[in-house]
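Me: I have a structure open and would like to learn how to read its features one at a time. Please give the general idea first, then the case.

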Amino acid sequence: MAVEVVHVDSWMKSRIKEEEYAKYMEHGRDFLPQEEITATLEANKNPDPERVKDILAKSLDVQTLEPDETAVLLNINDEQLLQEMEEVARRVKRKVYDNRIVTFAPLYMSNLCINNCLYCGFRKDNRRANRKVLSLEEVRQETEVLVGEIGHKRLIVVYGEHPSTDIDYMVSTIESVYGVKVKSRNGWANIRRVNVNAPPLSVEDLRRLSEVGIGTYQVFQETYHRPTYERLHPEGTIKSDYHWRLYCMHRAMEAGIDDVGIGVLFGLYHWKFEVMGLLYHARELEGKFGVGPHTVSFPRLEPALNIPFTEHSPYEVTDEDFKKIITVVRLAIPYTGMILTARESPEIRRDVIHSGVTQTDASSKIGIGAYAAGSQSQEGSKQQFYLGDTRDLDEVVRELARMGYITSFCTAGYRCGRTGGNIMELLRSGKEGKFCKLNAVLTFREWVDGFASEETRVVAEEIIAKEISEIKETMPEIFPHFMKYYDRIRQGETDLYF
Ligand code: SAM
Ligand code: SF4
């Protein structure tokens with residue numbers, strides 16, 4: 001045990017490389033002007049409707065907003081202006097992403113963690129957490145269920161921060177996921193895109209993640225508000241270093257990962273400040289690297305076993321404000337993907353999906369090893385928090401189709417180099433939508449033939465027919481080529497994309 005303590009201690013000390021973030025700071029200052037944010041929010045109260053109209057026009061033109069413009073939107077309370085704002089958010093989403101929703105599942109690899117975040121079920125001091133690290137064989141078993149029984153094509157793999165699950169473990173587990181192939185009703189199925197939610201890593205470690213072929217590298221700042229950050233991440237832990245975390249996307253870009261996901265854990269500090277933080281972060285990445293965040297996530301604090309903090313936060317976000325957060329993020333960073341997770345209940349998901357969401361998970365289980373264990377219940381001691389929506393993918397796809405959305409299983413983007421700066425331009429101009437529409441139909445067809453229940457298939461056929469006729473009308477030059485691929489998928493071929 002003593003040996004273990006020494007090992008963990010020296011490992012922790014070697015993690016943070018101050019020179020890897022100090023070089024991006026200006027005279028020791030970061031890009032998050034805490035006081036200025038508060039002042040900007042204050043100065044833009046009671047917005048003038050004409051100004052709001054101009055700002056909404058800018059969003060509709062897919063331009064990133066300025067901080068004062070974002071503050072204006074955050075301060076809107078007038079019912080009519082709110083409705084206008086929501087309507088424009090819907091139009092921006094349609095313009096950039098059409099009616100597609102991308103789906104994925106989380107795969108939690110381990111719940112060992114040396115940090116002690118006050119809100120998390122995996123925190124080091126949580127004695128009631130039942131600790132487990134998946135072996136490579138267990139990773140394979142989990143993936144087989146996700147691929148073979150549910151039909152997922154994208155995963156987000158999730159890690160705590162611990163020497164036993166460092167970069168070597170991350171690389172081998174990701175390789176294991178990519179190595180799984182399962183026979184489905186129509187051909188071979190596999191995971192084609194692994195996104196990663198992991199602690200902030202060094203440039204060297206991030207290069208290794210890049211080499212193994214990941215999709216998005218995702219790290220949430222949790223809160224951009226420095227005093228709150230310091231209070232919730234006890235001193236002496238790696239996570240207590242605000243700047244090591246704040247600059248991890250800079251390091252990712254440096255390491256060749258230009259597809260990054262940022263986020264806030266809403267409920268830790270005031271939501272208006274946090275949305276401003278997300279905007280500053282996006283603008284900083286755009287300014288320094290010419291590439292903004294590929295995705296923004298907005299988890300809300302959920303209860304967790306033996307974590308009293310989650311039940312008494314003074315900054316709890318109401319459902320109404322949650323919807324406003326999603327709407328304003330869609331308008332302020334109009335090109336970005338937005339992820340709504342199964343932390344939220346089906347009712348909330350139904351309501352806010354129209355406000356600009358582009359990705360959502362389904363059939364999710366966040367207990368370590370829970371997919372292969374086949375347990376229906378959420379076992380508190382092995383998971384980070386409790387989920388609000390445990391419906392399976394088939395049901396979620398069916399509901400989305402009834403609402404007019406096509407579920408896309410497309411993973412072509414990063415495999416054809418449509419990432420980072422390339423995709424930013426395609427998204428802004430609406431051109432990415434073309435590839436995505438074709439690939440959404442092809443991958444949805446493949447999933448329906450391989451995995452859908454009869455009830456879902458009936459609804460899915462309607463939406464597929466509608467999409468095909470739109471492709472015929474709007475892309476006549478590519479339509480014959482598209483139909484060849486479509487027919488080949490119907491014959492049992494898989495993984496065809498533009
Ligand atoms: N350990 C890594 C880290 O902290 O960056 C990544 C994994 S952590 C398991 C993933 C995310 O879960 C965290 O970044 C945090 O935003 C979120 N989270 C933690 N506790 C939560 C809670 N009680 N409710 C909802 N989300 C939570
Ligand atoms: Fe560990 Fe991440 Fe949980 Fe913090 S949020 S305790 S770093 S797993």
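Me: Where does Asp98 lie?

Reply: Helices (H or I, at least four residues) and strands (E, at least two) are DSSP runs, numbered from the N terminus. Asp98 is in the loop that links helix H6 (79-97) to strand E1 (100-108). This is a predicted model, in which local features need pLDDT of at least 70, side-chain atom pairs count only at pLDDT 80 or more, and totals for chains, interfaces and linings use all residues. Residues are numbered from 1 along each chain as its sequence is written, chains are lettered from A and ligands numbered from 1 in the order in which they are written, and side-chain values use heavy atoms, with hydrogens and water left out.

Me: What is the phi of Asp98?

Reply: Most residues other than glycine have a negative phi, and most peptide bonds are trans. Asp98 has a positive phi, near 55°, and is not a glycine. Asn46, also not a glycine, has a positive phi near 50°. Asn46 belongs to the loop between helix H3 (34-43) and helix H4 (49-60).

Me: Is Asn46 buried or exposed?

Reply: Buried means under 20% relative accessible area, exposed over 50%, and partly exposed in between (1.4 Å probe, protein chains only). Asn46 has 72% relative accessibility, so it counts as exposed. Ser164, at 39%, is partly exposed. Its place is the loop between strand E2 (154-158) and helix H8 (167-179).

Me: Which residues is Ser164 in contact with, leaving aside its neighbours within four places in sequence?

Reply: Contact means heavy atoms within 4.5 Å. With those neighbours left aside, Ser164 is in contact with Leu112 and Tyr169.

Me: Which residues of H9 are buried?

Reply: An α-helix has 3.6 residues a turn, so residues three or four places apart point the same way. In H9 the buried residues are Val203, Asp205, Leu206, Leu209 and Val212. Helix H9 covers residues 203-212, and Asp205 is in it. Asp205 counts as buried because its relative accessible area is 9%. Not counting residues up to four places away in sequence, Asp205 touches Arg15 and Ile167. Gly213 follows H9 and has a positive phi, near 90°.

Me: How is the protein divided into domains?

Reply: Domain bounds come from an automatic or database domain assignment. Here the assignment gives domain 1 (2-25 + 100-428), domain 2 (34-90) and domain 3 (431-490). The centres of domain 2 and domain 3, taken over C-alpha atoms, are separated by 37 Å.

Me: What does Ala440 touch, not counting residues up to four places away in sequence?

Reply: Under that rule, Ala440 touches Arg100, Ile406, Thr407 and Ser408. Ala440 is in helix H20 and is buried, at 1% relative accessibility. Ala452 is in the loop between helix H20 (432-451) and helix H21 (454-474), and is buried at 7%. Not counting residues up to four places away in sequence, Ala452 touches Arg185, Asp394, Trp447 and Arg457.

Me: Which residues are around ligand 2?

Reply: A residue is near a molecule if one of its heavy atoms lies within 4 Å of it. Around ligand 2 these are Cys113, Asn115, Cys117, Cys120, Phe122, Arg123 and Lys239.
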